[in-house]
Amino acid sequence: MKRSTLRFALVVFALMSCFVSVFQAQETKPQKPRPKIVAFGSDSPERGTTRVGYWNNEKNMGAGQFAIDYGRPVWRKEYEDTAKFDAMTKGKVYRFGSNFWTTLDTDMPLTIAGKTIPAGSWYLGLHRSEDGAVWSLVFIDPAKARAAHIDASEIERAPVAFKAPMTADSPGEMKDKLTIDLVFQRGDLKNVALKIAWGKIQLSAPIQVPISAS
């Protein structure tokens, strides 16, 4: 009886040793290394476009244009928390839009809030001052961003070419999605207002256009 008990104990011990060895082997098995590069994307993301164009009736041809193309992120309830929102934005260059870069494409030089912006294509962002009082429109040279493979989500890595101050307007109608408008009066060719609305943020800046009616 004692020998049977001893044999049973030895078998159990041997099985337990096997289980422990397998478990330890699994625990110490090296994890697969993360791939060096992965792909990402989005399916048909919503984008908006606002444009001002000029037409020469005498020559029946275009006389100039500029447009802003942008992704439309949704305002989140968590942004209502002032402390969190300040931590996200104060003293930082802030992403302006979603998915691919927000872009300004202009075939003429523009003066935006007193800053001369050469004709061409520009990536846009927003900067908020350390004290939170001043917002500025940020212009980034796309060639430099492309050369460094900078994604729009890494906007703080991108070198800033220009900054143009914006006016913080009194909040109007709450905009669930980012909305950018270029507003002009039909009798005034030279002056356009850039307006940005997103959640509680309402910003604007004047744009002077170098175009003549004659």
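These legends describe close-up views of a predicted model.

**View 1. Strand 1 and strand 2 form a hairpin.** Strand 1 spans residues 47-56 and strand 2 spans residues 61-71. They pair in the antiparallel sense over 10 bridges. Four residues sit between the two strands. In the turn, asparagine 60 has a positive phi of about 55°.

View 2. Strand 4 covers residues 102-106 and pairs with strand 2 in the antiparallel sense, over four bridges.

**View 3. Tryptophan 75 and phenylalanine 85 make a tilted ring pair.** The structure holds nine aromatic pairs. In this one, the ring centres lie 5.9 Å apart and the planes meet at 50°, so the pair counts as tilted. Tryptophan 75 lies in the loop between strand 2 and helix 2 (82-89). Phenylalanine 85 lies in helix 2, 10 residues apart from tryptophan 75. Both residues are buried. Ring pairs link Trp75 and Phe85 with Tyr79 and Trp198 into a cluster.

**View 4. Phenylalanine 100 and tyrosine 123 pair edge-to-face.** Their ring centres are 6.0 Å apart, with the planes at 85°. Phenylalanine 100 lies in the loop between strand 3 (93-94) and strand 4, while tyrosine 123 belongs to strand 7 (residues 120-128). The pair therefore ties together parts that are 23 residues apart in sequence. Phenylalanine 100 is partly exposed, at 49% relative accessibility. Tyrosine 123 is buried, with a relative accessible area of 5%.

Key. Residues are numbered from 1 along each chain as its sequence is written. This is a predicted model: local features need pLDDT of at least 70, side-chain atom pairs count only at pLDDT 80 or more; totals for chains, interfaces and linings use all residues. Side-chain values use heavy atoms; hydrogens and water are left out. Two strands pair if DSSP finds at least two bridges between them. Rings of Phe, Tyr and Trp (its six-membered ring) pair if their centres lie within 6.5 Å; planes under 30 degrees apart count as stacked, over 60 as edge-to-face and the rest as tilted. Buried means under 20% relative accessible area, exposed over 50%, partly exposed in between (1.4 Å probe, protein chains only).
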